[in-house]
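Here's a short walk through one protein model and its ligand. Have a look at the structure first, then read on.

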Amino acid sequence: MCGIIGYWNIDNEALPILSGALKKLEYRGYDSFGFATLNNGQIYIEKQIGKISEVKYNNIPGRVGIGHTRWATHGGVTKQNSHPHKDCTGKIAVVHNGIIENFQELKRRLVDEGHKFLSNTDTEIIPHLIEEKLASGLDLKQSVIKISKILKGRNAFIVLDAETNEMIAIRNGSPLILGLKDKEVFIASDIPAFLDKTKEVIYLDDGQLAVIRNERPEFYDINTGKRIIKRLIKIDWNQNQAEKGSYAHFMLKEIIEQKNTIVAAINQDETQLVRVAREINNATNGVFFIGCGTAARVCHIAEYIFSKVANKRINYIPASEFENYKHFLSPETLVIAVSQSGETADVLDALKIAKSKGAKIISILNVIGSSMSRISDYTFHINAGPEKAVASTKATTSQIAVIILLSYACSGKIKDGEKLLMELSGEINDMLNPRYQEHIKNIATILSDEKVQNMFIIGRGINYPLSLESAIKIMEVSYINAQGFAGGELKHGPIALIENGTPVIVLVADDNDKAKILSNAMEVKSRGAYIIGISPDNNNIFDYWIKTPRVDSVGSAIANLIPIQLLSYYLGVAKGYNVDYPKNLAKSVTVN
Ligand code: M6R
């Protein structure tokens, strides 16, 4: 939700670096963008509506600057509302990621005191509050610390001061990472923003700020006001992982990367797996899997995996609903968060509740150094590499892989889990060949007919939560109203919507549910449905068949998702949509 960048150096013009970085943060928001640079004691601003990769913008001078790519929360998509925002003197400019919950009362007071506002954003109060503190005699660092204690809500912002030539970055709940290289300093919401320049990074923690006056940033603790020493970390990501390369879209690249990501996900510390498995087995007051969106579906899938592999009852709850269950929590409860970004606001809030009740926290994450990893007792990184497309694909299957491994660890059979996943990875490698992709593309072209407004996906057992995830994928990328159902549920209501030609995708695994789900497919076929079978075997009720490997139901949790991801992708492409950046969405949802 919004991407922010700051850049300091002595040799280069800042704007090309800032815009290059913002293009890589575009997945965080793409309504509008803007920059502020510092030159000869003056701040220059440039803002535009639209995506930075598609819209022209004017040059502004300076070697130090900040930038922002927006996902609108407060105020519509207008130039006035796009960042950066300035104070009344024009000497302070700010970019911000997050929400200021108490901005209305603060703005009211500032307006009463004569401050002039130009936007409807919550952000604009920050430069004005800084202006107020500077006028009271505080320096920039003291002013930023003071106001960070007034602002409510989760946020991070970067301030540029034309008077002192300083830049200050502060983190209070939203991610900020510094990148260092010789005589250059980068600050960004996510590492890919500067990965082509440096791999030496410093993670800012909540309640910390960085002051940048030269190539050596200084760090401070907001609570004590004291200077702190931060550790420089060398990350081993490579630039290609964060680039599209020859692929038309990140989404396709990330789908194809699943040839390797399952193996990368299996690469977990065995001692930690055993330790966490013991925690799960000993959690006498329940195990809760929580996540949002696709990650919530992964948690639902986990319920079936644990039941089947480890004969264990775990609970799954969408993180945004977790508060309703807080009375069940105690120190004997285990909460397992599943998240690609590790920054999703609803999950972070749920984890805070869990922590306040003394529950232990485990997280299954992709982004290293994220907020969730910082509050977890144990973290499993899924090692999928940067996932840039808004629609999650490779992170989803890697999360499922880690969950499968964990469930095998709970039953004392890690090696069996590894073997299953290794074999599955080989099957996926075979599956993702050009002919397979072409076959799914052809089906997508047929389904992209504008008469297709609704689509259903059905599955039983583990393929029921998979049908729910399939619906998310199809909806977010192709904008077709897709709904997932347990196969047996359709006849209790939704079957009323089936008419001649309604597409129904049937998810089949080589398991005990096979005969029943095929009967359910028959029920809708008899009412005119057009059946796409995702199954290891063809069947004469399928109008189209997408072959999947012959794996057990646990393996099908990964194998059956891959054709769905490809189908969603090709549907979006056939309909002419920008599948990497679906409308109204952002990769990382850092607001409640
Ligand atoms: O970063 P997270 O995994 O916590 O994100 C959770 C959801 O916002 C995310 O899965 C979302 O539903 C995706 N757009 C699905 O493809």
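## Ground rules

Helices here are DSSP runs of H or I with at least four residues, and strands are runs of E with at least two, numbered from the N terminus. This is a predicted model, where local features need pLDDT of at least 70, side-chain atom pairs count only at pLDDT 80 or more, and totals for chains, interfaces and linings use all residues. Residues are numbered from 1 along each chain as its sequence is written, and side-chain values use heavy atoms, with hydrogens and water left out.

## Serine 19

Serine 19 sits in helix H1 (residues 14-25). With a relative accessible area of 4%, serine 19 is buried (under 20%, using a 1.4 Å probe and protein chains only). Setting aside neighbours within four places in sequence, serine 19 is in contact with Phe35, Ile52 and Tyr57 (heavy atoms within 4.5 Å).

## Around the ligand

Now for some N or O pairs (polar contacts need them within 3.5 Å). A polar side-chain atom of threonine 344 is 2.4 Å from a ligand oxygen. On its own the ligand has 410 Å² of accessible area, and the protein covers 91% of that (Shrake-Rupley method, 1.4 Å probe).

How values were computed
Buried < 20%, exposed > 50% of the residue type's maximum accessible area, 1.4 Å probe, protein only. Polar contact = N/O pair within 3.5 Å; in protein donor to acceptor, adjacent residues only side chain to side chain.
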